[in-house]
Amino acid sequence: MEKAIAFLRGLQEHNTREWFEAHKEEYLRVKAETEAFTERLIAGIASFDPSVGGLTPKECTYRIYRDTRFSSDKRPYKTHIGIFVSPGGKKSGHSGYYLHIEPEHPATNDAPEGGCMLITGLYMPAPAILKSVREEILFNGETFVRNIEAAKGFTLARTNSLKRLPVGFPADTPYAEYLRLKDFCLEMPLSEKALHAPALLEEAVERFALTAPFNRQLNKAVDFALEAM
């Protein structure tokens, strides 16, 4: 991933259409390498989570072009690469396994701190899915906590959370802290050194495997919500 990091670092410094067009061939090489890596990552994850078997790199990767129509930030390109492997692909609404590739940099007014991460879970789920996940936690909270603890090296993201319990959930539940969450994600930072290592694929698959029970529990709730829609 050294070429990807080098390209993205240049794009961070020169996020213009002129610079991008001048480095279009470099971007196309990075894109091809990312798709090849994604294909192998899908196969690796499918070895312990068959629900993602048969996905294509196109179903798990994102365009580098930003939609700036409704944003005050008019920079035309994303300065990271994301690979999201989930049942049905990136648009399915399911929980999945996400590899975030971004050069390390300090936080600024325009962007949060950069860096690479492994993430498993649900980000900004639809209201019906969010309600279903909360109900799953309410009734099977012990399993939810156990699945978090089993994901050694990962931490549960807690930044996107309500101040109070959502309406309709009991105040005396021992799982209140989890019911207030609006995202359900386990995170593990990766250094650029780890990203460049020959064993990146094997390490990512091994680490993601630890989060499979957490992912399965979330998708149980997702499937219930989707079937009810």
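Contact here means heavy atoms within 4.5 Å. The structure is a predicted model, in which local features need pLDDT of at least 70, side-chain atom pairs count only at pLDDT 80 or more, and totals for chains, interfaces and linings use all residues. Residues are numbered from 1 along each chain as its sequence is written, and side-chain values use heavy atoms, with hydrogens and water left out.

Lys90 was examined in terms of these contacts. Lys90 touches Lys58, Glu59, Cys60, Thr61, Tyr62 and Phe84, with residues up to four places away in sequence not counted. Lys90 sits in the loop between E1 and E2. Helices (H or I, at least four residues) and strands (E, at least two) are DSSP runs, numbered from the N terminus. Buried means under 20% relative accessible area, exposed over 50%, and partly exposed in between (1.4 Å probe, protein chains only). Lys90 counts as partly exposed because its relative accessibility is 24%. The side chain of Lys90 reaches the backbone oxygen of Lys58 at 3.1 Å. The C-alpha atoms of Lys90 and Glu227 are separated by 18 Å, and these residues are 137 apart along the chain.

Thr38 belongs to helix H3. Thr38 counts as buried because its relative accessible area is 0%. Leaving out residues up to four places away in sequence, Thr38 touches Pro57, Cys60, Thr61 and Ile83.

The nonpolar cores were considered next. A nonpolar core is a set of buried Ala, Val, Leu, Ile, Met, Phe, Trp, Tyr and Cys residues joined through side-chain atoms within 4.5 Å. The largest one has 59 residues. Phe7, Leu41, Val85, Ile101 and Phe184 have the most contacts inside it. Helix H3 (residues 24-46) supplies the largest share of this core, with 7 residues. A second, separate core has 5 residues, including Tyr98, Ile119, Ala157 and Cys185.

Phe7 is also one of the buried residues of H1, along with Ala4, Ile5, Leu8, Gly10 and Leu11. Apart from its neighbours within four places in sequence, Phe7 is in contact with Trp19, Phe20, His23, Glu26, Tyr27, Val30 and Ile64. Helix H1 (residues 2-13) has 12 residues. From its first C-alpha to its last, H1 reaches 17 Å, close to the 16 Å expected at 1.5 Å a residue. The expected span is 1.5 Å times one less than the number of residues. Cover for the buried residues of H1 includes helix H2 (17-22), H3 and strand E1 (81-85).

Helix H4 (residues 127-139) has 13 residues, which should span 18 Å at 1.5 Å a residue. Its end C-alpha atoms are 19 Å apart, which agrees. Ile129, Leu130, Ser132, Val133, Arg134, Glu136 and Ile137 are the buried residues of H4. Among the elements that cover them are E3, H5, helix H6 (176-179), strand E5 (184-190) and H9.

Two packed helices are described by the angle between their axes and the distance between the axes. The axes of helix H5 (residues 141-150) and helix H9 (residues 212-228) come within 8 Å and cross at roughly 145°. Axes are lines fitted to C-alpha atoms, for helices over the stretch in contact, with angles from 0 to 180 degrees between N-to-C directions. Thr143, Phe144, Asn147 and Ile148 in H5 meet Pro213, Phe214, Gln217 and Leu218 in H9.

Asn219 also lies in helix H9. Asn219 is buried, at a relative accessible area of 8%. Beyond its neighbours within four places in sequence, Asn219 is in contact with Pro87, His94 and Ser95.

How values were computed
A polar contact is a pair of N or O atoms within 3.5 Å; within protein, one must be able to donate a hydrogen and the other to accept it, and residues adjacent in sequence count only if both atoms are side-chain atoms.
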